Amino acid sequence: MANVVVVGSQWGDEGKGKIVDWLSRRANVVVRFQGGHNAGHTLVIDGVTYKLHMLPSGVVRPGTLSIIGNGVVLDPWNLLKEIDALRQQGIELGPDNLKVAENAPLILPLHQNLDMAREEALGKAKIGTTGRGIGPAYEDKVARRAIRVGDLAEDSVIEEKVDRLLFHHNTLLRGWGFPELEGDQLIADLKELAPKILPYADTVWKRLDEARKAGKRILFEGAQGILLDIDHGTYPFVTSSNVVAAQAASGSGQGPNAIDYVLGITKAYTTRVGSGPFPTELEDEDGKRLGERGHEFGTTTGRPRRCGWFDATLVRQTVKVSGITGIALTKLDVLDGFEQLKVCVGYTIDGEPYDHLPACQIKQAKAKPVFETIEGWSESTQGARSWADLPAQAIKYIRRIEELIEAPVAMLSTSPEREDTILVHDPFAD
């Protein structure tokens, strides 16, 4: 049976939560494979809104096994709060249906402290992080200083690793003129935390291998978007992990043959939160209209998202670097009523044409969009559940996007509601 990877094809906030939830009714296992609680997914099911940050979107599905993979950096206190919040909404979560990789690194309060201190020290040059400690946690992982979920079982390991972490973090804080940290409270907090988190710990790679051998369908869920990938995104204005589909394998302990289909979640226009290049950004009434109609505020930060026209050049680029098989086009209804729509089909940089966004930060900042104008539609697409419900001009817009990005539309979302979805091709059918 096919295993599907879901990734965002833009700068995140493409509507992955709804699509993953929709697909998860066909899946037996749903896996988060990268990122942390800086991600935000909003699910609207039967009029009830669920806001998730660390948990896989499949948690709202009875009978589905949810897994947090080793590629995720885990804030354990935030995880427990999220579990409690869902329980209050009637969603039961426990060690039977939620597993956390024993080799997943932890986000600690000192990571959040360093994140905020660094942004303050950088001033105008700040990256625009969520301040939740994601970057520093990944740095400690790569530097082999991280405390991992399985380490919580041994008090001596906690004490040794906290000392090692503080040696590094206090050196940085001292250099920036910020107060240094003491380890006693953190050690006590981790020891208190251990019996609450350890029941969820599991050998995830083995659990997934067994599921594959048993013919289970596995859905791998990414966070953020490919344009925020540490290697392939608009560096340095990116997240601290790989977001591309290939990370689904290494971030969960599976080989690349575990992936059968890559679904790229793609918004019908473009948004971005925080700093960084954005060639099609609109700072006029059209941009304001997109933001208001699309309710473009970050699930995690509440920050208003920057809005712009659809950038086919960038999405074609992410299709290539992530091996996207087909896309799920979301928020088409936000474009209802525009007399004209624009789509970016290339750039000019210092007068030279480009068919991609180059890696150079200076060139990215100079990129000017080359637009193609497409006629809009006055009819409503909100809530459409078949092609017959769509205006002819909306279908033309979709077909032109397919041509430009060189990937087909496999699914179409026309509202936040789970059932307002047009299925063109079932990813699990491959």
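I call a crossing left-handed if the near helix is turned anticlockwise from the far one by less than a right angle, and right-handed if clockwise. The model is predicted, so I took local features only at pLDDT of at least 70 and side-chain atom pairs only at pLDDT 80 or more, while totals for chains, interfaces and linings use all residues. Residues are numbered from 1 along each chain as its sequence is written, and side-chain values use heavy atoms, without hydrogens and water.

Entry 1. I looked up helix α2 (residues 76-88) against helix α6 (residues 184-197): they pack at an angle of about 40 degrees, with axes 11 Å apart. The crossing of α2 and α6 is left-handed. In contact (heavy atoms within 4.5 Å) are P76, W77, L79 and L80 of α2 with L186, D189, L190, L193, K196 and I197 of α6. I sorted these residues into eight nonpolar, no polar and two charged.

Entry 2. I found three aromatic pairs (ring centres within 6.5 Å; planes under 30 degrees apart are stacked, over 60 edge-to-face, the rest tilted). W11 and F278 are tilted, 5.3 Å centre to centre with 55 degrees between the planes. W11 lies in the loop between β1 and α1 and F278 in the loop between β10 and α9, so the pair ties together parts 267 residues apart in sequence. Both W11 and F278 are buried (under 20% relative accessible area, 1.4 Å probe, protein chains only).

Entry 3. For W309 and F338 I noted centres 5.7 Å apart and planes at 75 degrees, so this pair is edge-to-face. W309 and F338 are 29 residues apart, and both are buried.

Definitions and conventions: Axes fitted to C-alpha atoms, helices over the stretch in contact; angles between N-to-C directions. Helix = DSSP H or I, 4+ residues; strand = E, 2+ residues; numbered from the N terminus. Nonpolar A, V, L, I, M, F, W, Y, C, P; charged D, E, K, R; others polar. Phe/Tyr/Trp six-rings, centres within 6.5 Å; stacked < 30°, edge-to-face > 60°. Buried < 20%, exposed > 50% of the residue type's maximum accessible area, 1.4 Å probe, protein only.
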